[in-house]
Amino acid sequence: MNILISGCLLALSCRYDGESKGLEKELLEKLMEKHTLIPACPEQLGGLPTPRNPSERIGEKVMMDSGEDVTEQYRRGAEQALHLARLFGCQAAILKERSPSCGCGSIYDGSFSGALREGDGVTAELFKKNGIPVYGESRVSELL
């Protein structure tokens with residue numbers, strides 16, 4: 001099955017801090033034996049640079065810690081990621097947990113304090129609305 005995956009989980013340095021959060025090598029190898037992975041970074045697809053200021057979702061908006069509203073970039077990136085998922089016939093997505101774009105079920109609360117709240121990132125929300133199941137990196141084993 002084709003699966004769209006957050007680029008940072010493939011050790012691409014595309015996170016807000018210019019780092020990555022790659023999956024454990026053995027887990028990634030097992031995943032790639034069974035599925036075709038399509039990498040994407042919604043934030044970059046939306047036009048944001050790397051590195052960039054941290055952002056958190058506050059209601060329907062996404063704000064940087066500097067106070068800049070980056071909601072439009074996050075929406076554009078989510079649409080572009082959905083386009084890629086459809087183009088490659090992806091039947092699921094593995095997205096970075098807690099992210100204002102990719103988080104599924106739990107995201108940072110908008111206070112920039114590290115506190116979490118229930119909710120989805122912009123991309124995860126759009127994928128779910130379009131029938132694409134979303135898995136965080138802690139749930140990858142469910143796809144094996």
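1. Helices here are DSSP runs of H or I with at least four residues, and strands are runs of E with at least two, numbered from the N terminus. The peptide bond leading from Thr50 to Pro51 is cis, and its omega is near -5 degrees. As background, most peptide bonds are trans.

2. Some notes on reading the model: it is predicted, local features need pLDDT of at least 70, side-chain atom pairs count only at pLDDT 80 or more, and totals for chains, interfaces and linings use all residues. Residues are numbered from 1 along each chain as its sequence is written, and side-chain values use heavy atoms, with hydrogens and water left out.

3. Now for the overall layout. The chain has four helices and eight strands, and their order along the sequence is β-α-β-α-β-β-α-β-β-β-α-β. Its radius of gyration, taken over C-alpha atoms, is 14 Å, close to the 15 Å from the globule rule (2.2 Å times the number of residues to the power 0.38) for 144 residues, so the chain is as compact as a globular protein of that length. Along the principal axes, the C-alpha atoms fill a box of roughly 45 × 30 × 25 Å.

4. Of the 144 residues, 46% count as buried; that term means under 20% relative accessible area, while exposed means over 50% and partly exposed lies in between (1.4 Å probe, protein chains only). Contacts are heavy atoms within 4.5 Å. Among contacts between residues at least 6 apart in sequence, 62% join residues at least 24 apart.

5. Have a look at the inside next. The largest nonpolar core has 23 residues, of which Leu4, Leu95 and Phe127 touch the most other members. Such a core is a set of buried Ala, Val, Leu, Ile, Met, Phe, Trp, Tyr and Cys residues joined through side-chain atoms within 4.5 Å. At least two residues each come from strand 2 (36-40), strand 4 (61-64), helix 3 (71-87), strand 5 (92-95) and helix 4. Helix 3 gives the largest share, six residues. A second, separate core holds 15 residues, including Leu23, Leu31, Ile94 and Val140.

6. Helix 4 (residues 122-129) deserves a visit of its own. Its buried residues are Val122, Thr123, Ala124, Leu126 and Phe127. Leaving aside neighbours within four places in sequence, Phe127 is in contact with Leu4, Ala78, Ala81, Leu82, Ala85, Ala93, Ile132 and Val134. Just after this helix, Gly131 takes a positive phi of about 80 degrees.

7. Ser55 belongs to strand 3 (residues 55-58) and is buried, with a relative accessible area of 10%. Not counting residues up to four places away in sequence, Ser55 touches Val62, Met63, Met64, Val70, Tyr74, Pro100 and Phe112.

8. Phe112, one of those partners of Ser55, is itself worth checking. Phe112 is not a glycine, yet has a positive phi of about 55 degrees. This residue lies in the loop between strand 6 (106-108) and strand 7 (116-118), and at 32% relative accessibility Phe112 counts as partly exposed.

9. Ala11 is another non-glycine residue with a positive phi, of about 70 degrees. Its place is the loop between strand 1 (2-6) and helix 1 (25-34). With a relative accessible area of 47%, Ala11 is partly exposed.
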